[in-house]
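Good morning, colleagues. Please take a moment with the sequence and the structure on the screen, and I shall then take you through selected parts of the fold.

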Amino acid sequence: MKNKLRVLLTGGCGYIGSHTAVELMRVGHEVVIADNLANSCMSVLPRIEELGGKKVAFYNIDVCDSEKLDSLFSVEHIDAVIHFAGLKCVPESVEKPVLYYRNNLTSTMNLLETMIKHGVNHIVFSSSATVYGESDIMPLREDMPTGNCTNPYGMTKHMSEVIIRDTAKANKSIGAVLLRYFNPIGADESGRIGEDPLGIPNNLLPYVAQFATGRREKLFVNGNDYPTEDGTCVRDFIHVTDLAIAHIKALDFIVGKSGCEVFNVGTGNGYSVLQVIEAFSEACGKELKYEFAPRRAGDIPTCYADPGKAEKLLGWKAERDIRKMCEDTWRWQSNNPMGYEK
Ligand code: WQD
């Protein structure tokens, strides 16, 4: 770590935010969290503090509320911001596009305006590989075209990237890093924090983990006729702790600099849905019986990163393999079968 920073995490109680909070504290940074608990809960806070070994300053606010955000910046000395807060359910974004555009863009714009007003110059933004849309060329590189997204959620990530890049262009003191996440899975090694989606999980790993505990009755594999080796979709799964550490490297990189840089955050390896189910089955010691079901609308066959730029400029590389991702997910899920106490 270069300097000790006081970092504001919007959405810091969520899955990726909570793991990043812990890793920041583990290397000596201080954490302030702003979260409206729309898709998270208060009971993660004591666990973040337990793992990070420090108190967290917590504000139950919506980043879309500019007055409350302004008050937070008036009372807290913030050195840098990591912006995780946002709605992230792809099918919901197709049904309620205006909700997604209003929420995810208002929060980004409020945050930038408030940062500029209070002289806070550094931001790391939680973007997504979904900004690449349906590319036929793999691995995905940062200089490939973006913005041809298949759903409004993806568009909000793309549009937030544009807004942040333009803001950094216009304000020469601003330094921004856009991190394009691939498929984050896994949990802190302690098994104390992890992914706890509301309702039936949309994403593969939380669903498989809940199926393995018996909380879900059936496991469906969506599509077995994709042009991949085993016919199921291939994704670049990345351990959430590796992803959290990438944020620390991004801060190290950008603090004291201006401009805007974008990085893929993936392992560079693709695993198919069936390979992941197999790895999870080994981790939990149970056979996981699945059924094939029709393709899910909007799924692309294959998606994986070229993570070379992050290695070169941030000195970051994913270290945890698929086995570790599944073992850690299982430790979290089996120790907390119903997630956090609500
Ligand atoms: C992976 C594969 C499914 C559930 C999504 C968002 C992306 C990003 C991460 C988040 C697909 C298949 C799934 C199940 C299945 N953003 N599957 N059975 O779609 O790559 O990415 O999450 O905030 O923007 O689009 O990840 O985990 O949903 O699906 O067979 O019960 O698993 O069809 O092929 P995806 P996923």
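Predicted model: local features only at pLDDT ≥ 70, side-chain atom pairs only at ≥ 80, totals over all residues.

Val 234 touches a set of residues that, leaving out those up to four places away in sequence, consists of Thr 228, Gly 270, Tyr 271, Ser 272, Pro 301, Thr 302 and Cys 303. Val 234 belongs to strand E9, which covers residues 234-235. Its relative accessibility is 14%, and because buried means under 20%, Val 234 counts as buried. For a sense of distance, take Leu 313, which is 79 residues from Val 234 in sequence; the two C-alpha atoms lie 27 Å apart in space.

Which residues does Ser 127 contact, leaving aside its neighbours within four places in sequence? They are Lys 157, Glu 161, Leu 179, Arg 180 and Tyr 181.

The protein chain has 11 helices and 14 strands. Its radius of gyration is 19 Å, close to the 20 Å given by the globule rule for 342 residues, so the chain is as compact as a globular protein of that length. Along the principal axes, the C-alpha atoms fill a box of roughly 55 × 40 × 40 Å. Buried residues make up 55% of the 342. If we consider contacts between residues at least 6 apart in sequence, 80% of them join residues at least 24 apart.

I turn next to helix packing. Two packed helices are described by the angle between their axes and the distance between those axes.

The crossing of H7 past H9 is right-handed. On the H7 side, the residues in contact are Leu 204, Leu 205, Val 208, Ala 209 and Ala 212; on the H9 side they are Val 273, Val 276, Ile 277, Phe 280 and Cys 284. Sorted by class, this contact has 10 nonpolar residues, no polar ones and no charged ones. As a reminder, an α-helix has 3.6 residues a turn, so residues three or four places apart point the same way.

How much of H7 is buried? The count is 8 of its 10 residues, so H7 is largely enclosed by the rest of the structure. The buried residues of H7 are Leu 205, Pro 206, Tyr 207, Val 208, Ala 209, Gln 210, Phe 211 and Ala 212. Besides H9, the elements they pack against are strands E7 (183-185), E8 (219-222) and E10 (237-239), and helix H11 (322-335). After H7 comes Gly 214, with a positive phi near 95 degrees.

The next pair is H1, residues 15-26, and H2, residues 44-52, which pack with their axes 8 Å apart at an angle of about 25 degrees. These two helices are therefore roughly parallel to each other, and their crossing is right-handed. H1 contributes Ser 18, Ala 21, Val 22, Met 25 and Arg 26, which meet Val 44, Ile 48, Leu 51 and Gly 52 of H2. The contact of H1 with H2 comprises 6 nonpolar residues, 2 polar and 1 charged.

The remaining pair is H3, residues 66-75, and H5, residues 97-118; their axes come within 10 Å and cross at roughly 35 degrees. The crossing of H3 and H5 is right-handed. Here Ser 66, Leu 69, Asp 70, Phe 73 and Ser 74 of H3 meet Asn 110, Leu 111, Thr 114, Met 115, Lys 117 and His 118 of H5. By class, the contact of H3 with H5 has 4 nonpolar, 5 polar and 2 charged residues.

I shall end with two points of backbone geometry. Most residues other than glycine have a negative phi, and most peptide bonds are trans. Leu 37, in the loop between strand E2 (30-34) and H2, has a positive phi, near 60 degrees. The peptide bond from Met 138 to Pro 139 is cis, with omega near -5 degrees.

Key: Residues numbered from 1 in each chain as written. Heavy atoms only, no water. Left-handed = near helix turned anticlockwise from the far one by under 90°. Helix = DSSP H or I, 4+ residues; strand = E, 2+ residues; numbered from the N terminus. Contact = heavy atoms within 4.5 Å. Nonpolar A, V, L, I, M, F, W, Y, C, P; charged D, E, K, R; others polar. Rg over C-alpha atoms; globule rule 2.2 N^0.38 Å. Buried < 20%, exposed > 50% of the residue type's maximum accessible area, 1.4 Å probe, protein only. Axes fitted to C-alpha atoms, helices over the stretch in contact; angles between N-to-C directions. Parallel < 35°, antiparallel > 145°, perpendicular 65-115°, else oblique.
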